[in-house]
Amino acid sequence: MTETSVDNPFFARMWIAMSSRERKFMKKLRQENLAGLTGRVLEIGAGTGTNFAFYPDTVTEVVAVEPEVRLAPLAREAALTAPVPVTVRTETVENFDSDDLFDAVVCSLVLCSVDEPESVLRQMYSRLKPGGELRYFEHVASDGVRGRVQTFLDSTFWPKISGNCHAHRETEQSIVGAGFQVADARRVLMLPGWVPLSEAALGRAVRPA
């Protein structure tokens, strides 16, 4: 297994604080994103393991990838009390070394922060069995004034202080471009509408059989 890591101390401290105080609304969205999953699941960018508690008992195993050196130990702690077996690995998704195929891939608030989301999505596609699902809960580009503010943030300080997060990404277009067929999706506001990063997409996409 190729062990690589990410070391972003400011973002890690911020994310630990935020995830430890996550609102019930956010937890409900995470639970909705994971509902109905079965079999073996690959989770990309597990963070502190916030999703682990919400996996249904129809999941037989979760392999979770989290390369941030301050977050991975917390994800391993969360795995100990998860209702399903969870293994946490610390390489980046770009260096995920396995020939295994999975029944589903899960990504939550992570595609905004990878350098090449299209490449990462193609890797997710290659890890799925035919007919397998991608479950996503991701920041997405907004229209209008909020979209213009997102573009400004992305070109200035925001990625530098937020673990490479980009507010204005056409994530669902990238999902389709990687070969997935979006089966179900909706937009949600995670924060008040005036906040640039308030809009997210919650959806299910399929690798064609």
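A residue is called buried here if its relative accessible area is under 20%, exposed if that area is over 50%, and partly exposed in between (1.4 Å probe, protein chains only). The structure is a predicted model, so to speak of local features a pLDDT of at least 70 is needed and side-chain atom pairs count only at pLDDT 80 or more, while totals for chains, interfaces and linings use all residues. Residues are numbered from 1 along each chain as its sequence is written, and side-chain values rest on heavy atoms, with hydrogens and water left out.

Aromatic pairs come up at the outset. A pair of aromatic rings is described by the distance of the centres and the angle of the planes. Rings of Phe, Tyr and Trp (for Trp, its six-membered ring) pair if their centres lie within 6.5 Å; planes under 30 degrees apart are stacked, over 60 edge-to-face, and the rest tilted. That rule gives three aromatic pairs. One of them is Phe11 with Trp15, a stacked pair at 6.0 Å centre to centre with 25° between the planes. Both residues sit in helix α1 (residues 9-20), four residues apart, or about one turn of the helix. Helices (H or I, at least four residues) and strands (E, at least two) are DSSP runs, numbered from the N terminus. Tyr125 and Phe180 pair up as well: their ring centres are 5.2 Å apart and their planes meet at 75°, so this pair is edge-to-face. It ties together distant parts of the chain, with Tyr125 in helix α4 (residues 117-127) and Phe180 in the loop between α7 (171-177) and β6 (181-189), 55 residues apart. Phe180 counts as buried, at 3% relative accessibility.

Next comes strand β4 (residues 102-108). Six of its seven residues are buried, so β4 is largely enclosed by the rest of the structure. Two strands pair if DSSP finds at least two bridges between them. Strand β1 (residues 39-44) runs parallel to β4 and is joined to it by four bridges, with Glu43 having Val106 of β4 as its bridge partner. Strand β5 (residues 128-139) also runs parallel to β4, and six bridges join these two. Here Val106 stands opposite Arg135 of β5. From β4 the chain crosses through α4 to β5, and this β-α-β crossover is right-handed (with the strands pointing away from the viewer, the path from the first strand over the helix to the second runs clockwise).

Then there are the charged side chains. A salt bridge is a side-chain nitrogen of Lys or Arg within 4 Å of a carboxyl oxygen of Asp or Glu, and the whole structure holds 13 of them. Arg135 is buried at 7% relative accessible area, and Glu133 is buried at 18%. Arg70 and Glu68 form another, with 3.9 Å between the closest N and O atoms; Arg70 is partly exposed at 34% relative accessibility, whereas Glu68 is buried at 4%.

Glu199 and Arg146 also form a salt bridge, at 3.2 Å between the closest N and O atoms. This pair links distant parts of the chain, Glu199 being in strand β7 (residues 199-206) and Arg146 in helix α5 (residues 144-154), 53 residues apart. Glu199 is buried at 13% relative accessibility, while Arg146 is partly exposed at 22%. Both belong to a network of salt bridges that links Arg146, Glu172, Arg187 and Glu199.
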